[in-house]
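These entries record what I looked up in one protein structure. I set them down in the order in which I consulted them.

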Amino acid sequence: MTRIAAVHGVLAPYRYSQREITDMVARTCLPDGADRRLLDRLHTSAGVAGRAMAMPLERYADPGDFGDTNDVFIETAVPLGEEAVAGALDAAGLSPRDVDLLMFTSVTGIAAPSVDARLVGRLGLRPDVKRLPVFGLGCVAGAAGLARLHDHLLGRPDDVAVLLSVELCSLTFQPDDASPANLVASGLFGDGAAAAVLCGARRGAGGPAVVETRSHLYPDTGHVMGWDITGSGFRVLLDPGVPDVVRKNLAADVDGFLTDHGLTRDDITAWVCHPGGPKVLKAVEESLDLPAGALDVTWRSLGSIGNLSSSSVLHVLRDTLAERRPPAGTAGLLLAMGPGFCAELVLLRW
């Protein structure tokens, strides 16, 4: 089976408390003297204590146009990605020359040559390394990336594959936008990166095994999450109906997936869930009827660093491996959701 040999997460260079960020948003998004009680309520209810950001806080009042913020994305994403991949390979006991495939995912910036191409020389990867940059999957990409690397390694069991996610969500902040979606996003999303090293069955690596994966794309839900691409950059689309989509669909999808492998929810010893936000997490808990504490690792990640889009579920996986240490031989389920609207499920064996 494919093995997840190591996961390493890193954060952007500047960290601020939620209160500092809320005050900045009030200064830049609200007219002088405007009532800020809605903003304060939205940021408090996000349950986030503080977040890492790609730029000093004062720069967000006037970040420039899309080209300016995208330049910051590239300048920040490359060293963050280098740190994440190097840390994951070191933890796996592998060298950059061992890597056969590098997948890069982000939904918060673009580059050509892509970030993965810029990392080949910096990391010392082989010049014949296969590369796969992916844009547009959003928050689901951490789980979907693991799933697609597993697909590759089933056919190439001697290979080593690396998934790199870099998400600099703060660069999508719109200082002229007082819409609820922008205010919610400005209180929830943070900046960071994560890398996971996966090894094919014949590599003999340790770590949890990927048993199987499943994707679900829900019809007529494309409006609930995504971006409007404008001259000033990415303007967030975030519909309040996201938790309802989760409640309507997730339980049947999870149960069907587990049943196909002779399992039930009671057999899952660790739930590795993307921290989409308090309302989404509560919808996951309720729809799956999870026991108390099942998503504690996810809740702690949300509170500590916010939602890092596709990087978040990899941070939660890293923390689960460090803190939970599920019993050997038992099953785990990694899940994330994102634009489309869609879900990705990854069945693990510890």
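Predicted model: local features only at pLDDT ≥ 70, side-chain atom pairs only at ≥ 80, totals over all residues.

**Entry 1. A charged surface patch.** I found a negative surface patch formed by Asp62, Asp65, Asp68, Asp71 and Glu75. I then looked up one of its members, Asp71, which belongs to helix H3, residues 66-92. The relative accessible area of Asp71 is 42%, so I record Asp71 as partly exposed.

Entry 2. I consulted the UniProt record, an unreviewed entry, and it lists "domain: Chalcone/stilbene synthase N-terminal" for residues 71-198. In the model, residues 71-198 are 43% helix and 23% strand. For residues 215-349 I noted 38% helix and 27% strand, with the end C-alpha atoms 19 Å apart.

**Entry 3. Cis peptide bonds.** I next checked omega angles. Ala112 and Pro113 are joined by a cis peptide bond, with omega about 5 degrees. I located Pro113 in the loop that runs between strand E4 (101-106) and helix H4 (115-123). The bond from Gly340 to Phe341 is cis as well, and its omega is near -20 degrees. Phe341 sits in the loop between strand E12 (331-338) and strand E13 (342-349).

**Entry 4. Positive phi values.** I looked for positive phi in residues other than glycine. Asp289 has phi near 50 degrees, a positive value in a residue that is not glycine. I placed Asp289 in the loop between helix H8 (278-288) and helix H9 (296-305). Is Asp289 buried or exposed? Its relative accessible area is 62%, and the cut-off for exposed is over 50%, so Asp289 is exposed.

Ser309 likewise has a positive phi, near 55 degrees, and is not glycine. Ser309 lies in the loop between H9 and helix H10 (312-323). With a relative accessible area of 3%, Ser309 is buried.

Entry 5. Why does Pro56 count as buried? Its relative accessibility is 18%, and buried means under 20%. I also noted the C-alpha to C-alpha distance from Pro56 to Tyr16, which is 9.2 Å, while 40 residues separate the two in sequence.

**Entry 6. Salt bridges.** Side chains of opposite charge can pair when their charged atoms come close. I searched the whole structure and recorded 18 salt bridges. I followed up a few of these.

Asp40 forms a salt bridge with Arg19, and the closest N and O atoms are 3.6 Å apart. This pair links distant parts of the chain, since Asp40 is in helix H2 (residues 37-45) and Arg19 in helix H1 (residues 18-29), 21 residues apart. I recorded Arg19 as partly exposed, with a relative accessible area of 44%.

Arg122 and Glu82 also meet through their side chains in a salt bridge, at 2.8 Å from N to O. Arg122 lies in helix H4 and Glu82 in helix H3, so the pair ties together parts that are 40 residues apart in sequence. Arg122 is partly exposed, at 45% relative accessible area. Glu82 counts as partly exposed too, at 22% relative accessibility.

I then turned to Asp100 and Arg126, whose side chains meet in a salt bridge of 2.9 Å, N to O. This pair links distant parts of the chain, 26 residues apart: Asp100 is in the loop between H3 and E4, and Arg126 is in the loop between H4 and strand E5 (130-135).

Methods: Residues numbered from 1 in each chain as written. Heavy atoms only, no water. Patch = residues over 30% accessible without salt bridge, like charges linked within 9 Å, V, L, I, M, F, W, Y side chains within 5 Å. Areas by Shrake-Rupley, 256 points an atom, 1.4 Å probe, with all protein chains shown as cover. Salt bridge = Lys/Arg side-chain N within 4 Å of Asp/Glu carboxyl O. Lys, Arg positive; Asp, Glu negative; His and termini not counted. Charge placed at Lys NZ, Arg CZ, Asp CG, Glu CD. Helix = DSSP H or I, 4+ residues; strand = E, 2+ residues; numbered from the N terminus. Buried < 20%, exposed > 50% of the residue type's maximum accessible area, 1.4 Å probe, protein only. UniProt positions renumbered as here; feature names shortened; annotations may be inferred.
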